[in-house]
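Good morning, colleagues. Please take a moment with the sequence and the model on the screen, and I shall then go through the features I have selected.

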Amino acid sequence: MTNREEVLGFLNRITPKMATNAEIVSHTGVKPHQQVFQITRSLMKEGRIKGHRSGTEWYFLAEGGQTVKPEQRRTKEARRQTREQVAL
């Protein structure tokens, strides 16, 4: 599998969540960080993924996924954890 396929596959697996380049590096093992940056920018230009910049950080989402902004992601994660705790 190519690095490009690894990045796109990871983003497809985590949809509808978004991931930063650092998170993509961490979960796929694709290095260096600059290569992941180039891959995500290329995929975004091709329309294969969506990108959202918040401050200095970029967040990426597989095309077709619903955008979850970084500040919403934390809230939704907290809600999920609460639901899991209640279910126990």
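This is a predicted model: local features need pLDDT of at least 70, side-chain atom pairs count only at pLDDT 80 or more; totals for chains, interfaces and linings use all residues.

In which loop is Pro-32 found? Pro-32 lies in the loop between α2 and α3. The peptide bond leading from Lys-31 into Pro-32 is cis, and its omega is near 0 degrees. A cis peptide bond also joins Thr-15 to Pro-16, here with omega of about 15 degrees. Pro-16 has its place in the loop between α1 and α2.

Let me turn to the packing of the helices. Helix α2, residues 21-28, and helix α3, residues 33-45, have axes that come within 9 Å and cross at roughly 110 degrees. An angle from 65 to 115 degrees counts as roughly perpendicular, and α2 is therefore roughly perpendicular to α3. The crossing of these two helices is right-handed. On the α2 side, the residues in contact are Asn-21, Ala-22, Ile-24 and Val-25, and they meet His-33, Val-36, Phe-37 and Thr-40 of α3. Sorted by class, this contact of α2 with α3 comprises five nonpolar and three polar residues, with no charged ones.

Next, the packing of α1 against α3. Their axes are 10 Å apart, and the angle between them is about 70 degrees. That value makes α1 roughly perpendicular to α3. Here, too, α1 passes α3 in a right-handed crossing. From α1 the contact draws on Asn-3, Arg-4, Val-7 and Leu-8, while α3 contributes Gln-35, Ile-39, Thr-40, Ser-42 and Leu-43. The classes in the contact of α1 with α3 are four nonpolar, four polar and one charged.

Arg-4 brings us to the electrostatic side of the model. How many salt bridges does the structure hold? There is one. It joins the side chains of Arg-4 and Glu-46, at 2.3 Å from N to O. The pair links distant parts of the chain, 42 residues apart: Arg-4 belongs to helix α1, residues 3-14, and Glu-46 to the loop between α3 and β1.

Finally, the strands. Strand β1, residues 49-54, pairs with strand β2, residues 57-62, in the antiparallel sense, over six bridges. Which residue of β2 is the bridge partner of Gly-51? The partner is Phe-60. Two residues stand between the strands of this hairpin, and Gly-55 adopts a positive phi near 70 degrees.

Thank you; I am glad to take questions.

Note on methods:
Residues are numbered from 1 along each chain as its sequence is written. Side-chain values use heavy atoms; hydrogens and water are left out. Axes are lines fitted to C-alpha atoms, for helices over the stretch in contact, and angles run from 0 to 180 degrees between N-to-C directions. Helices (H or I, at least four residues) and strands (E, at least two) are DSSP runs, numbered from the N terminus. Angles under 35 degrees count as roughly parallel, over 145 as roughly antiparallel, 65 to 115 as roughly perpendicular and the rest as oblique. A crossing is left-handed if the near helix is turned anticlockwise from the far one by less than a right angle, and right-handed if clockwise. Contact means heavy atoms within 4.5 Å. Ala, Val, Leu, Ile, Met, Phe, Trp, Tyr, Cys and Pro count as nonpolar, Asp, Glu, Lys and Arg as charged, and the others, Gly among them, as polar. Two strands pair if DSSP finds at least two bridges between them. A salt bridge is a side-chain nitrogen of Lys or Arg within 4 Å of a carboxyl oxygen of Asp or Glu.
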